[in-house]
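Q: Please take a close look at one helix in this model. Walk me through how it is packed.

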Amino acid sequence: MSSETKQILTTDGIPLEVSLKKAEKKNKIKAFLLVAPLLLFLVITYIFPIGDMFMRSVDDRMVTNMLPKTFKAMENWENLDELPPEEVYRAFYEDYKLLAENQQHGKLGQRLNKEKNGFNTITKKLFRQIKRKKIDESASLKEQINKLHKRWRNVEFWQAIKRTAPPYTAAKYLKGMDMYFAADGSIAQVDEDRRIHRILWLRTLEIAFFVTLFCFLMGYPIAHLLATLPMKYSNLLMICVLLPFWTSLLVRTASWMILLQQQGIVNDFFVMIGLVADDNRPEMMYNKVGTYVAMTQILLPFMVLPLYSVMKTISPSLMRAGKSLGGTPFVAFWKVYFPLTIPGIGAGCLLVFILAIGYYITPALVGGASGTLISNQIAFHMKTTLDWSFASAMGLMLLTGVLVIYWIYNKLVGVDNIKLG
Amino acid sequence: MALPSYTETRYRIWHYIYIAICTFVFFFLIAPLFVIFPLSFNAEEFLVFSEGMKNLDPDAFSLRWYKDMVYGTKNPWGLAAKNSFIIAIFATIGSIILGTLAALGLSSRHMPYKGLIMATLISPMIVPLIISGVAIFFFMAKAGLAATHTGIVLAHIILGTPFVVITVTATLSGFDHSVTRAAASLGSNPVNTFMKITLPLILPGVISGGLFAFVTSFDEVVVVLFLAGLENTTIPIQMWTGLREQLSPTILAVATCLILLSTLILVSAELLRRRSERLRGINR
């Protein structure tokens, strides 16, 4: 018996297997074509730009391109503790002269000044000498440049130039963690009183953690109430959760600014019940308190909704069974009900934590100086200092954190549990 | 939630504590919104309840801040409202078209690399807004679309599509595919089948995703702060500037209008959700 007779053929004589595979492939392409427009759109306008952020954050080609001959010559500079040989001086002089002709020397000075303080002065000095044509190119340039300023005779300044040679650098990431490349290329810590970023990271984590905790503590009881009440009442109470959810973030922040101001209603209430003296009203806004209170209220719906959708599926007879088997209500709750709600807790906490860690608007408005988060720092560098590469680096560090949390969550609970509304 | 008569005292107490906690949380959630209403009718310039308001004196209330919102000199709100609506409407249309198509593809069981693609499509929802803002700004600046309506609309499509993808995929998960096969076997072409059979059935999901996209765009401020020029100011941007500089009662008048708008959206979203559940219930 030949194998051909065993094969089932379709009406047009093609083996069924082949025909099926063809149809399958066609369906695959069809499905993919439906997704393609959005995928392409997102890749171009969103995914690539995030890649672009990475390129910007590590890009350090400016000096590399400005001093090509110098870095070539520096390859032969063997003893790094001594001043470089004449050829390095000559190459640097030639590079610098070219930059001066193109009016680019100022940029180099500023960049090198970031690497080693005091560089700008001595490059300017060199520029003036070149402009007045006081440098004799036939004589030893090493001697002439060294004579200009004592810093040119300091090997640390030449080491600083050498450090800027690689076209890519992790310096911005180190800066984001309050570290920097020391003179010998090792990683060093910034002075203790200038470690601002580490404080910000810790504060961001702290605020995100506590906001998540508060949201959980407040969201769990009401989600439980909503899930167990009869539909008639729970629908009405659900409005209390959904109306803030749909209301503009700025409106909600504005209402907290009114409530928490020194002459505001919350303070009025505290004075009325005698908690604080009228002339000693506490500052509740423009500090951490304001950030905590406002963010908890704003993010609470994101905790309640996933919890509610999970609790809704738990049959009340389970609790009754637990109790009838001898458990007290507390035991029945803890051993039966609570474990069943864990997917909801996971989803709610993940949502709130991820939203809180990247929060920008509310901390900027009610946070003051002690309530600002890492996002505010990123916006500050984007809009004020215009250090876009540093903003990119910090943004990517934050993004990495978020993705790690998301990944851990996906491993533990599974992402499919996230539901909307 | 009446307690059975045999409940022990300590559980009875615990029950009342639980009710008290819940009441407090509901109050905490909803009360801040209601502070805005009365203060927006304040006749005075201060953002506190005046003595007159506490005594319900009619003279202490006025519509002056609403007049200021509509007719005020150098009034930014008119332009902002116009921009906000234009941007939100176009962003919603874009999100609905791209998102629904993608959801249809993702719901097909033939879709290759489903997990990876889904993760990519909903990533704008997971990535913190500030990072999306920076990335989108870099793109728009390169493409010459910064400070244009087009740029902001595109940015809001990026942020809005994940909601459409999620809601429509959820609607399609309960979708009975034999109806489309029935339509096809009766001689309908795919486009016709989609318009006449699939779309009406998934419409509630599409619209509720669209509502999410609309609200996202209408309320979005972080990305717009990077992208907008003076001409593209939106309501959130104006509120942001107002709240940073000084809290004026005009902002509260605007806020009241926004709360009314969100109530409207909430009601429609709720009605849609119920309709969707009913429709899918019939299919099961």
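**A helix and its cover**

A: The buried residues of α7(A) are covered by elements that include α5 (86–101), α6 (105–115), α8 (141–148) and α9 (155–163) of chain A. Contact here means C-beta atoms, placed from the backbone, within 7 Å. Helices are DSSP runs of H or I, at least four residues, numbered from the N terminus.

This is a predicted model: local features need pLDDT of at least 70, side-chain atom pairs count only at pLDDT 80 or more, and totals for chains, interfaces and linings use all residues. Residues are numbered from 1 along each chain as its sequence is written, and chains are lettered from A and ligands numbered from 1 in the order in which they are written.

Helix α7 of chain A takes in 13 residues, 119–131.

Which residues of α7(A) are buried? They are A:Phe119, A:Ile122, A:Thr123 and A:Leu126. They cover an arc of only 100° around the axis, so they sit on the same side of α7(A). That arc is taken from the directions from the helix axis to the C-beta atoms. Buried means 20 or more other C-beta atoms within 10 Å of a residue's own, exposed 12 or fewer, partly exposed in between, with C-beta atoms placed from the backbone.

Turned away from the buried side, the other face of α7(A) carries exposed A:Arg128 and A:Lys131. After the helix comes A:Lys133, with a positive phi near 55°.

One covering helix, α9 of chain A, holds A:Glu156. A:Glu156 is exposed, with 11 other C-beta atoms within 10 Å.

Note on methods:
Helices (H or I, at least four residues) and strands (E, at least two) are DSSP runs, numbered from the N terminus. The expected span of a helix is 1.5 Å times one less than its number of residues. Two residues are in contact if their C-beta atoms, placed from the backbone, lie within 7 Å.
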